[in-house]
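Here is a short note for someone opening this model for the first time. Please read the points with the structure in view.

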Amino acid sequence: MDLFPVVTITLGSLSVPAYPVALILGVLVASAIFLASADRFSLKPPQARRLLLLGIVSGLLFARLVYSLVRYEYLFFDAMDGRFLGLGPFFDLREGGLSLFGMLFGVWFAAVVDTRFARGKAAPRLDAFALPLAVLVAVARFAEILSGQGYGGAVETAWLRFFPLSIQDAYGDWLTAVFALEGLVALAIAVYLVYSQRTVKRPEGSLYLRLMVPLCAAQIFLESLRRDDYLRLEGNGFVRVSQVLALAFLVVVTAWLTWRLVKTGRPWRRSITSWLAMLVAAGAALAAEFYEKLPLSIPLLYTVSALAQGVLMAVLLRFVQHVLQETANT
């Protein structure tokens, strides 16, 4: 018996998995938010509809592509005789799954491609996607348990055995409710983005980075809590792909912001704090991931990792605002 069974919805004689239904509803809600707020980002209705369609198609394509590239042995080869099954399994969403960071990259790619065609700027398009993406990620994370995924290790401390910190499995044991924690983080980011839009006017592109920086920093820690069928490299099961991609995005953003400082003639030394915070956060996450090899308690390592990612988040958000504000008119 699975720890958390896959939940299905019965429609007459048809039984449908509940998780894909939740994802579709999440896409519909996110799409409605995007279209309703598009004019705030200077997107006319035809532009908004085109960008939304491109974002959905590209997001789904890259979400499946990243998953398929990581799990290619499982997806494209027969488990019994190793026979190559062709590319057909790529299009069969009943086999395998999707990558969150693949989806996020696909949406970024859609904004860049649309910019090339419309001869506009990518920044306001990405900003328009920020709140809808936060809502979509929240829905996808909260619903993840419907697919039997999204749980962590056993919760031994009695006073921590309550939802949303933990959840009981099919055997009555309490496990970390990673899906709920990730959903709450995405929901908190959505509230933060709404607040950011209603306060002072911010530079173009800052809203998108205010989504991605907290999301990635939080994911570096939360991904280490998973004990489910998380996306990992075929050759090395210890490498958590989402964790690596989240850190890679933060490195790219920090490098891009540093480059903008240098390009506009400002001292690059202002980026040192961000790079130091990145190194400390990466080291703390690595220590928490390989806790068995260190003579320190597991709670201490995870606490340090969580605090390090929180500091990284705060430092990078401040760096984003500082650089974009200073270089907005350059």
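1. Which residue forms a salt bridge with Arg226, and how far apart are the closest N and O atoms? The partner is Glu182, and the gap is 2.7 Å. A salt bridge here is a side-chain nitrogen of Lys or Arg within 4 Å of a carboxyl oxygen of Asp or Glu.

2. A word on the basis. This is a predicted model, in which local features need pLDDT of at least 70 and side-chain atom pairs count only at pLDDT 80 or more, while totals for chains, interfaces and linings use all residues. Residues are numbered from 1 along each chain as its sequence is written, and side-chain values use heavy atoms, with hydrogens and water left out.

3. Back to the pair. Arg226 sits in the loop between helix 7 and helix 8, and Glu182 in helix 6 (residues 178–198), so the bridge ties together parts 44 residues apart in sequence. Helices are DSSP runs (H or I, at least four residues), numbered from the N terminus. Both partners are buried (under 20% relative accessible area; exposed is over 50%, partly exposed in between; 1.4 Å probe, protein chains only).

4. The pair belongs to a network of salt bridges that links Arg141, Glu144, Glu182, Glu223, Arg226 and Asp228. Within it, the side chains of Arg141 and Glu144 meet at 3.7 Å, N to O. Arg141 is buried, at 10% relative accessibility. Glu144 is buried too, at 10%. The whole structure has 10 salt bridges.

5. Look also at Asp229 and Arg71, whose side chains meet in a salt bridge of 3.8 Å, N to O. They are 158 residues apart: Asp229 in the loop between helix 7 and helix 8, Arg71 in the loop between helix 2 and helix 3 (72–76). Asp229 is partly exposed at 45%, whereas Arg71 is buried at 12%.

6. Now the largest pocket. A pocket is an open set of points on a 1 Å grid over the protein atoms alone, where a 1.4 Å probe fits, with protein on both sides within 12 Å along at least five of seven lines; lining residues have an atom within 4 Å of a point. Its space is about 1,600 Å³. Of its 46 lining residues, Tyr19, Leu23, Gly97, Leu98 and Ser99 lie nearest the centre.

7. The second largest pocket holds about 1,100 Å³. It has 32 lining residues, with Trp108, Leu126, Tyr208, Leu209 and Trp256 closest to its centre. Helix 8 gives the largest share of this lining, 9 residues.

How values were computed: Points joined across faces, edges and corners; volume = space filled by probe spheres on them. Helix = DSSP H or I, 4+ residues; strand = E, 2+ residues; numbered from the N terminus.
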